[in-house]
Amino acid sequence: MADPKETTARPSRLWRIVLVVSLALNLAVVGVVGGALVSGRFKDGPPSRIDFGLGPVARAMSPDDRREIGRALRQDRSLRSHDFSGQMAAMTAALRADPYQPAALESLLEDHATRLSQVQARARLAVLDRIAAMSPDDRSSFADRLDAELQRERPARERRSGD
C-alpha cells in the first residue's frame with residue numbers, strides 16, 4: 001500500500017515547480033521589455049510605455065519627457081553591461097537540469113530580481129532628474145496630467161495587466 005505522505009508530497013513539489021517556472025517567465029517578460037527599452041531598440045522616439053513600477057507618473061509624462069528619460073537610460077553604462085540573454089540561457093539550463101536543483105534557479109531569479117530593481121532605481125532617478133529640469137509651468141502641467149491620470153477610469157483589461 002502506498003504511503004499517504006508520499007502521494008501528498010508529489011503534488012506539492014509539482015506546484016512548486018510550476019510556480020517557479022511561472023515566476024521565471026514573468027521575470028523574463030519584464031526583463032525583455034526593460035532590456036529593449038534600455039538597449040535603445042525604441043530608437044529616439046518616445047517609448048510607448050516607460051513604467052518601471054511608476055504607474056500613473058510614467059503615463060502622465062509627455063512624449064518629450066519619455067523620450068529624454070529613455071535616452072538617459074540608454075546612455076547609462078551600468079544598464080548596458082547586463083548580459084540578459086546569457087542570464088535567460090542560464091535559467092533555461094537550470095530548468096532543464098536533471099536532477100533539477102531549485103537552489104540554482106532560485107539564485108538566478110534572485111540575481112534577475114536584483115537587476116530589475118537596479119533598473120527601476122535608475123528609471124526613478126531619471127524621472128526625478130527630468131522633473132527637476134522642468135519649468136514651474138511644465139511641472140504644473142505635469143501635475144494636471146497626473147491628476148487626470150489618477151481620475152481616469154481604466155478598462156478592466158488594463159487594470160489586470162498592471163499597466
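This is a predicted model: local features need pLDDT of at least 70, side-chain atom pairs count only at pLDDT 80 or more; totals for chains, interfaces and linings use all residues.
User: OK, how many helices and strands are in the chain?
Analyst: The chain has eight helices and zero strands, so its pattern along the sequence reads α-α-α-α-α-α-α-α. Helices (H or I, at least four residues) and strands (E, at least two) are DSSP runs, numbered from the N terminus.

User: And how much of the chain is buried?
Analyst: Of its 163 residues, 30% are buried. Buried means under 20% relative accessible area, exposed means over 50%, and partly exposed is in between (1.4 Å probe, protein chains only).

User: What about contacts between residues at least 6 apart in sequence?
Analyst: Among those, 66% join residues at least 24 apart. Contact here means heavy atoms within 4.5 Å.

User: Let's look at α6. How far does it reach?
Analyst: α6 has 31 residues and spans 45 Å from first C-alpha to last, close to the 45 Å expected at 1.5 Å a residue. The expected span is 1.5 Å times one less than the number of residues.

User: Which residues of α6 are buried?
Analyst: The buried ones in α6 are Leu105, Leu108, Leu109, His112, Arg115, Leu116, Val119, Ala123, Ala126, Val127 and Ile131.

User: How do α5 and α6 pack?
Analyst: Helix α5 (residues 84-96) and helix α6 (residues 102-132) meet at an angle of about 155°, and their axes are 9 Å apart. Axes are lines fitted to C-alpha atoms, for helices over the stretch in contact, and angles run from 0 to 180 degrees between N-to-C directions. α5 and α6 are therefore roughly antiparallel to each other. For the cut-offs, angles under 35 degrees count as roughly parallel, over 145 as roughly antiparallel, 65 to 115 as roughly perpendicular and the rest as oblique.

User: Is that α5 and α6 crossing left-handed or right-handed?
Analyst: The α5 and α6 crossing is left-handed. That means the near helix is turned anticlockwise from the far one by less than a right angle, with clockwise being right-handed.

User: Which residues make the contact between α5 and α6?
Analyst: From α5 there are Phe84, Gln87, Met88, Ala90, Met91, Ala94 and Leu95, and from α6 there are Leu105, Leu108, Leu109, Asp111 and His112. By class, the α5 contact with α6 has nine nonpolar, two polar and one charged. Ala, Val, Leu, Ile, Met, Phe, Trp, Tyr, Cys and Pro count as nonpolar, Asp, Glu, Lys and Arg as charged, and the others, Gly among them, as polar.

User: What's going on at the peptide bond from Asp98 to Pro99?
Analyst: That Asp98 to Pro99 bond is cis, with omega near 10°. Pro99 sits in the loop between α5 and α6.

User: Switching to α3, how does it pack with α6?
Analyst: The angle between α3 and α6 is about 130°, with the axes 9 Å apart. α3 and α6 are therefore oblique to each other, and their crossing is right-handed.

User: Who meets whom between α3 and α6?
Analyst: Asp64, Asp65, Glu68, Ile69, Ala72 and Leu73 in α3 meet Arg122, Ala123, Ala126, Val127 and Arg130 in α6. The α3 contact with α6 has six nonpolar, no polar and five charged residues.

User: Tell me about Val127. Is it buried or exposed?
Analyst: Val127 counts as buried because its relative accessibility is 8%. Leaving aside neighbours within four places in sequence, Val127 is in contact with Leu54, Val57, Met61 and Ile69.

User: And where does Ala72 lie?
Analyst: Ala72 lies in helix α3 and is partly exposed, with a relative accessible area of 38%. Ala72 and Val127 are 55 residues apart in sequence and 9.6 Å apart in space, C-alpha to C-alpha.

Terms used. Residues are numbered from 1 along each chain as its sequence is written. Side-chain values use heavy atoms; hydrogens and water are left out.
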